[in-house]
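User: I would like to learn how to read a few local features of a protein model. Please give the general idea each time, and then the case at hand.

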Amino acid sequence: MRLLFPLVGMAFLLLTSACTPPPQVANTEKDAPPRRSVRRGLYQSATHRFIYCVDQDKDAAELVNLLHQIASSQPQGKRIEVISCAGISTDSLASGHISIIGNQLPLGAASVLQLGGKGAVFDQSKTLAPEDVLLLPYYRNPWNNGRSSAGIYYSASLPRLVEVLREEMASRDNGFFYAPWAFEIHQPAGGRVYGSFKDSTWNFDAEAEITLSNATDPLVSDGDFQLFAMDGYEAGADTTLLKQTLAYVAAQVRRTFGSECGGNTEVRLYPNLERIGLRTGSMQPAQYDEARGILHLVAPFFTEQTLIFEPEIWRVYTEGCLKQVLTADQSAALVAFAQEKAGKNSLQTSIYNQLQDRALQYATTNVAKQPYPQRADHRSTNAIRMRALARVRGTDGMAYADLLRSVPADEQVFPTQLIPEASDLKKLGPTPPLPNILAGMTFAHEGYRIHNGYGGTKVGPSLDSLAKLGVNALSVVPYTFQRHAERTAGFHISQSAGGENDAATIHSLREAKRRGWYTLLKPQIWVGDGWPGSINVKDNEDANQWFENYGYWIMHYALMAEAEQVDGLVIGTELVRMTLGYPDAWRRLIADIRKVYSGHLTYAANWGEEFEQLTFWEDLDIIGLNSYYPLSDQDKPSDEELLTGAREWVTMATSLAQRTGKPIWLTETGYRSVSQAWKNPHAETNGRPQSDEDQARCYRALTQALRENPGFTGVFIWKWPSYLGYEGGRGREATGFTPGGKSAAMELEKFYRTWLD
């Protein structure tokens, strides 16, 4: 999985070694910088040293070669020196950030890793087996009292250490010096232990530790596949549907391409997205590792209808049919070709026809006719799959070799001949009626360690806590990134296991729907040097490119929303300059989205200029307002003065909605738990002290104004974390927006429960 990270900052250690021991150094934490500062220094440092420390009678050539290979690649732009610990001085160990790698450690200070005659013991409680590998990316450096980092990569077995380092580097894509875990222990049979630091200290949090089990004996062994239970998958779970699906796919592929296709495949079954993400570094619910012949699968993620045509399952059998390297488009075409034949000759015809209908609807959009802006992101969208489904339509009698020859090596747009006539399309169903009242919350992806984000098991308890407030609607917010507000570039679609990837986003949406809530998908842009309202373009040509990129990105989520039957989609958020300057481009985009998505559409306009001057509300179903209007500019306003401030903007907003004839929602609103939260609700803390009471007073004024004015029919509060305890768990004052655990939550509960009656 993608969890090895810096051979950087490995901790110091204690132990006997063949290295010449430097003098003992006192290990005090007095005046030592905080852990966050040490970590930041590690990331920002332009230089680093890999210090390999091994038994003299052990051959370290392979390890040393690997370290030089890593150093020569200059990860994160660092200049890395590779040196031996033999004869190293205390001054050298104390100088800068270091990583210690090997099966020995320099003497010098009390260490988190103890080596002795009975083996290695980590953190005084974990005995490492001879083949275990410990990855401790950064820790306080004991030779300079913790002013820099020292990390450890250790195993008693050098071949095993090299194996794990190579494996992790091959699968990691987030940068060598960025580690999501405080430590990792890799066991030879496939087990893993992941640990976190506790609060802001250097101590490890035993309660937050995650353990992945070793592989079991196969649950099922068939001629075509073996099923293995992984990481908590119930050994007694019913696998009948999965076995039938695998047998069906194998038979269909062989009927189409020949009996030599496929073989005995290892299928590893995981109970949920969290576990497959922790194990493989990807949250994709189906992942075929062609090199190893392993299919990783979260079977509960799929329905019977979606499982039968999951492309990764078909790839298990189609990839071995041709003795050639296939492009992504060619591989997708091969799978679609097999599925086309199966879809015409089985009870699954209606399911396959639905897939083709969606592909053809997408083909008619302007987005589908434009080259995709980022090659690396293209596989994460449905565009390749949809081109393949359209391409094999009507290929009865065609040989698959002829089909593959018809697929360009780098196909970036739908070929003209694949774009159907409007009369050939199956129309989407009518947009459903709007609900009466939505008592909503914005659900924030606040955890990036896989288990605590949108795809983790902590989502359930967090949503259960919202149910107690009377919430009946949830807004889920996957982010993309634009580095510079005035430079046009393609928008990234997250594929990181710890990010707002597609599977994780879908998981949170499904959890909300399972509770009977209204679901709102609200993709947003994080701007590196500003905010969405600062995004601008220099001319019409630049604007056209920006809208091509944006259209490709938002269409990805429109397709997701339709497939998952998400109730509402926010087509944009706070893009002030782009909406006020280019309203016709938005009208065209809205028309495109309606070709593939049948739910409710809105736009989340920023309070003030954008909301009050937007001109394409008539093309949408709902007016959306992100409201951070101040309630007062006074230091000590009375409750009545705060209520007056709330009444003013609520009345203004509902009056605008009445003129358009559209319903209006607060797509985002909220207040920090800081002193004088009413002054600049959108602003950062900026040194303001924590104040639950001032936050609660703001909500008291807002909710009373909404009670008095029936114009708003939906409210989505900003914001609620994807795991409980988010603020307190970071060891800092709770000055964020979340009302959880604060007086504001009681104000919201009183409002929502009476509002819904």
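Analyst: Strands here are DSSP runs of E with at least two residues, numbered from the N terminus. The model is predicted. One such run is strand β26, residues 712-721, and K719 lies in it.

User: What is the peptide bond from W718 to K719, cis or trans, and what is its omega?

Analyst: The bond that joins W718 to K719 is cis, with omega near 10 degrees.

User: Which residue has a positive phi although it is not a glycine, and where does Q74 lie?

Analyst: Q74 has a phi of about 50 degrees, a positive value, and is not a glycine. Q74 sits in the loop between α2 (61-72) and β2 (79-84).

User: Next, helix packing. What describes two packed helices?

Analyst: The angle between their axes and the distance between the axes describe two packed helices. Take helix α5 (residues 240-257) and helix α9 (residues 328-343): their axes come within 9 Å and cross at roughly 100 degrees. Angles of 65 to 115 degrees count as roughly perpendicular, so α5 is roughly perpendicular to α9.

User: Which residues of α5 and α9 make the contact?

Analyst: On the α5 side they are Y248, Q252, V253, R255, T256 and F257, and on the α9 side L334, F337, A338, K341 and A342. By class, the residues of this contact of α5 with α9 are seven nonpolar, two polar and two charged.

User: How do α14 and α15 pack, and at what angle?

Analyst: Helix α14 (residues 459-467) packs on α15 at an angle of about 40 degrees, and their axes are 10 Å apart. The two helices are therefore oblique to each other. α14 passes α15 in a right-handed crossing. In the contact, V459, G460 and L463 of α14 meet H507, S508, E511 and A512 of α15. The contact of α14 with α15 has three nonpolar, three polar and one charged residues.

User: At what angle do the axes of α15 and α16 cross?

Analyst: The axes of α15 (residues 502-514) and α16 cross at roughly 40 degrees and come within 12 Å. α15 and α16 are therefore oblique to each other. The crossing in which α15 passes α16 is right-handed. D502, T505 and I506 of α15 meet H556, Y557 and M560 of α16. The residues of that contact divide into three nonpolar, two polar and one charged.

User: How does the lining of the second largest pocket divide by class?

Analyst: Six of the lining residues are nonpolar, five are polar and three are charged.

Terms used
Residues are numbered from 1 along each chain as its sequence is written. This is a predicted model: local features need pLDDT of at least 70, side-chain atom pairs count only at pLDDT 80 or more; totals for chains, interfaces and linings use all residues. Side-chain values use heavy atoms; hydrogens and water are left out. Ala, Val, Leu, Ile, Met, Phe, Trp, Tyr, Cys and Pro count as nonpolar, Asp, Glu, Lys and Arg as charged, and the others, Gly among them, as polar. Axes are lines fitted to C-alpha atoms, for helices over the stretch in contact, and angles run from 0 to 180 degrees between N-to-C directions. Helices (H or I, at least four residues) and strands (E, at least two) are DSSP runs, numbered from the N terminus. Angles under 35 degrees count as roughly parallel, over 145 as roughly antiparallel, 65 to 115 as roughly perpendicular and the rest as oblique. A crossing is left-handed if the near helix is turned anticlockwise from the far one by less than a right angle, and right-handed if clockwise. Contact means heavy atoms within 4.5 Å.
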